[in-house]
Amino acid sequence: MELDHRPKYHFQPLANWMNDPNGLIQWKGTYHLFYQHNPHEAVHGQIHWGHAMSEDLVHWVHLPIALAPDPWGPDKDGCYSGCAVNDCGTPTLVYTGVHPQVQCLATSEDGLISWQKDPGNPIIATPPEGLSLVGFRDPYVWCEDGEWLMALGAGREGRAGMVLLYRSSDLRQWEYLHPLCEANSLHEGVMWECPNFVSVEGRHVLFVSALPLRRVLYFVGEYAERRFSLGRANVLDYGGHFYAPQVLVDEQGRRLLWGWIWEGRSQAAQRAAGWAGVMSLPRELSWDEQGRLCILPVRELQALRRGHWRLGEIAFNEGSYPLEVQ
């Protein structure tokens with residue numbers, strides 16, 4: 001008999017494909033999670049934005065699909081990864097349309113349930129001239145000194161990954177400034193997807209999902225004059241199936257991080273099961289006393305705990321098994 005391996009408390013849609021977390025935002029006390037989603041089958045394709053909300057980061061309510069490809073629009077081949085911001089009381093999504101890769105915008109007037117795409121889409125139609133990019137996607141937007149800044153994932157042909165920096169006064173008209181940063185070497189990836197640039201307790205951290213490594217790297221460095229000087233590359237998660245994380249700054253000031261846990265099963269097995277991909281549990285970012293980045297499950301997850309057993313003062317010798325597993 002085939003076992004049911006569907007997770008019980010990691011978030012996932014009711015059925016079919018899921019990948020990157022998108023548009024993480026806390027709105028009027030409620031957490032909103034958007035995500036890359038194929039509502040038609042358990043494989044990648046026809047990418048929409050799924051949507052769910054939670055009061056406690058443990059129990060999630062599924063909501064209607066937020067974004068769907070427009071057959072005649074710049075996102076006709078998929079609504080790819082992006083972010084959410086609060087634009088003076090208007091919830092706003094910024095995301096990538098593909099073929100070609102362009103940046104788009106949508107807003108909501110009914111509390112994040114339905115979304116209207118901006119008539120001026122795409123808000124960024126072409127990459128900067130002269131860079132010969134291999135990718136141009138996954139906007140991450142924040143407000144700084146009274147204006148909006150956008151980090152975009154990219155990579156140069158024959159060179160390493162990079163993050164481009166744009167600015168805007170209204171989220172619709174964008175000016176390219178310069179690279180926020182570039183990889184130190186090809187060993188750090190030739191294309192950087194899903195950049196997240198955040199301050200954690202006063203120190204700036206850049207998260208990127210590096211291709212072809214298929215690993216999440218993070219860099220701690222100095223941010224000045226809107227340029228980020230990279231420190232050494234660190235691997236965020238060594239599990240082998242963690243990718244495309246996004247950070248949410250919640251109303252308590254916590255830096256919360258989710259990532260996509262991709263499949264190890266075959267595509268045939270995914271189709272047979274009717275689902276593919278799960279979201280990681282939310283994690284809180286901080287620093288330890290040695291200045292190392294720390295990641296802990298958010299405290300709300302303690303509600304999942306039941307019986308508690310503590311074992312101590314047990315000596316383990318090579319080849320010995322002091323505990324019998326029933």
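**Pockets and cores**

Strand E9 contributes the most to the lining of the largest pocket, supplying five residues. The model is a predicted one.

**The largest pocket**
- The largest pocket has a volume of about 500 Å³.
- Its lining consists of 25 residues, and those nearest the centre are Tyr140, Val141, Trp142, Cys143 and Val249.
- At least two lining residues come from each of the strands E1 (16-27), E5 (79-87), E9 (133-144), E13 (191-200) and E18 (242-249).
- Sorted by class, the lining comprises 16 nonpolar, five polar and four charged residues.

**The second largest pocket**
- The second largest pocket holds about 290 Å³ of space.
- Sixteen residues, written 16 in the count, line this pocket, with Asn19, Asp20, Tyr80, Arg137 and Glu193 nearest its centre.
- Strands E1, E5, E9 and E13 each provide at least two residues of this lining.
- The lining of the second largest pocket has five nonpolar, six polar and five charged residues.

**The nonpolar cores**
- The largest nonpolar core contains 61 residues, and Val141, Leu164, Trp174, Trp192, Leu206, Phe207 and Phe228 have the most contacts inside it.
- Strand E10 (residues 147-156) supplies the largest share of this core, namely six residues.
- Another core, of 16 residues, lies apart from the largest one and includes Met18, Tyr35, Leu57 and Leu301.
- Leaving aside residues up to four places away in sequence, Trp174 touches Ile123, Ile124, Val141, Trp148, Leu149, Met150, Tyr166, Arg167 and Ser168.

Definitions and conventions. Residues are numbered from 1 along each chain as its sequence is written. This is a predicted model: local features need pLDDT of at least 70, side-chain atom pairs count only at pLDDT 80 or more; totals for chains, interfaces and linings use all residues. Side-chain values use heavy atoms; hydrogens and water are left out. A nonpolar core is a set of buried Ala, Val, Leu, Ile, Met, Phe, Trp, Tyr and Cys residues joined through side-chain atoms within 4.5 Å. Buried means under 20% relative accessible area, exposed over 50%, partly exposed in between (1.4 Å probe, protein chains only). Helices (H or I, at least four residues) and strands (E, at least two) are DSSP runs, numbered from the N terminus. Contact means heavy atoms within 4.5 Å. On a 1 Å grid over the protein atoms alone, a cavity is a set of points where a 1.4 Å probe fits but cannot get out, and a pocket is an open set with protein on both sides within 12 Å along at least five of seven lines; lining residues have an atom within 4 Å of a point. Grid points are joined across faces, edges and corners, and a volume is the space filled by probe spheres set on the points. Ala, Val, Leu, Ile, Met, Phe, Trp, Tyr, Cys and Pro count as nonpolar, Asp, Glu, Lys and Arg as charged, and the others, Gly among them, as polar.
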